[in-house]
Amino acid sequence: MSSPPGHGGFPLTGTPEQVAEGITASHEAGFRGSTLSFVDYVEEFPYFRDNLLPILEQRGIRIAAAAMQSAA
C-alpha cells in the first residue's frame, strides 16, 4: 500500500508573504506547531529566518527571540 504524493504534508511555497499566509491559515485552523523541511537547509534556512520569521512575529504567531530570552 502506498500513499499519494504529499500525503501528510502541506506544501508552503512562494514569496515570504505567501508562505506566511499559509502558516497563518494553519494557525487560525488550530495548529500550534509544525515541522518544516527545506530542500537545501543550509542555503534556504537563512532566507526563511531573515525574511519570513519577522512577518510571523508581526502577526503574533511567533515570539521574537529577544522576548523569549528576556522572559527566561
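Where does Gly9 lie relative to H1? Gly9 sits in the segment before H1. The model is predicted. Its protein chain has four helices and zero strands. The largest pocket holds about 1,000 Å³ of space.

**Overall build**
- Along the sequence, the protein chain reads α-α-α-α.
- The protein chain has 72 residues, and 15% of them are buried.
- Take the contacts in the protein chain with a separation of 6 or more: 55% of them join residues 24 or more positions apart.
- The protein chain has an accessible surface of about 5,800 Å². Carbon and sulfur atoms account for 57% of that surface.

**Confidence**
- The average pLDDT of the protein chain is 86.
- A score of at least 70 is reached by 83% of the residues.
- Among the parts of the chain, H3 has the highest confidence, with a mean of 96.
- Confidence is lowest in helix H4, residues 65-71, where the mean is 70.

**The largest pocket**
- The space in the largest pocket comes to about 1,000 Å³. The pocket is lined by 31 residues.
- Closest to the pocket's centre are Leu12, Val19, Ile23, Leu36 and Phe48.
- Three helices each give at least two residues to the lining: H1 (16-28), H2 (41-51) and H3 (53-58).
- H1 supplies the largest share of the lining, with six residues.
- By type, the lining has 17 nonpolar residues, 11 polar and three charged.

- Pro16 is found in helix H1. Why does Pro16 count as buried? Its relative accessibility is 18%, and buried means under 20%, so Pro16 falls on the buried side.
- Leaving aside neighbours within four places in sequence, Pro16 is in contact with Tyr47, Asn51, Leu52 and Ile55.
- Thr24 is buried because its relative accessible area of 10% is under 20%.
- Which residues does Thr24 contact, leaving aside its neighbours within four places in sequence? They are Arg59 and Ile61.

- Gly9, in the segment before H1, has a relative accessible area of 49%. Exposed means over 50% and buried means under 20%, so Gly9 is partly exposed.
- Gly9 and Leu36 are 27 residues apart in sequence. Their C-alpha atoms are 9.6 Å apart in space. Leu36 is also among the residues closest to the centre of the largest pocket.
- Gly33 is found in the loop between H1 and H2. Is Gly33 buried or exposed? Gly33 is exposed, because its relative accessible area of 54% is over 50%.
- Gly33 and Ile23 are 10 residues apart along the chain. A separation of 9.7 Å lies between their C-alpha atoms. Ile23, like Leu36, is listed among the residues closest to the pocket's centre.

Terms used: Residues are numbered from 1 along each chain as its sequence is written. This is a predicted model: local features need pLDDT of at least 70, side-chain atom pairs count only at pLDDT 80 or more; totals for chains, interfaces and linings use all residues. Side-chain values use heavy atoms; hydrogens and water are left out. On a 1 Å grid over the protein atoms alone, a cavity is a set of points where a 1.4 Å probe fits but cannot get out, and a pocket is an open set with protein on both sides within 12 Å along at least five of seven lines; lining residues have an atom within 4 Å of a point. Grid points are joined across faces, edges and corners, and a volume is the space filled by probe spheres set on the points. Ala, Val, Leu, Ile, Met, Phe, Trp, Tyr, Cys and Pro count as nonpolar, Asp, Glu, Lys and Arg as charged, and the others, Gly among them, as polar. pLDDT is the predictor's confidence in each residue, from 0 to 100. Buried means under 20% relative accessible area, exposed over 50%, partly exposed in between (1.4 Å probe, protein chains only). Contact means heavy atoms within 4.5 Å. Accessible areas come from the Shrake-Rupley method with a 1.4 Å probe; for residues, only the protein chains shown count as cover.
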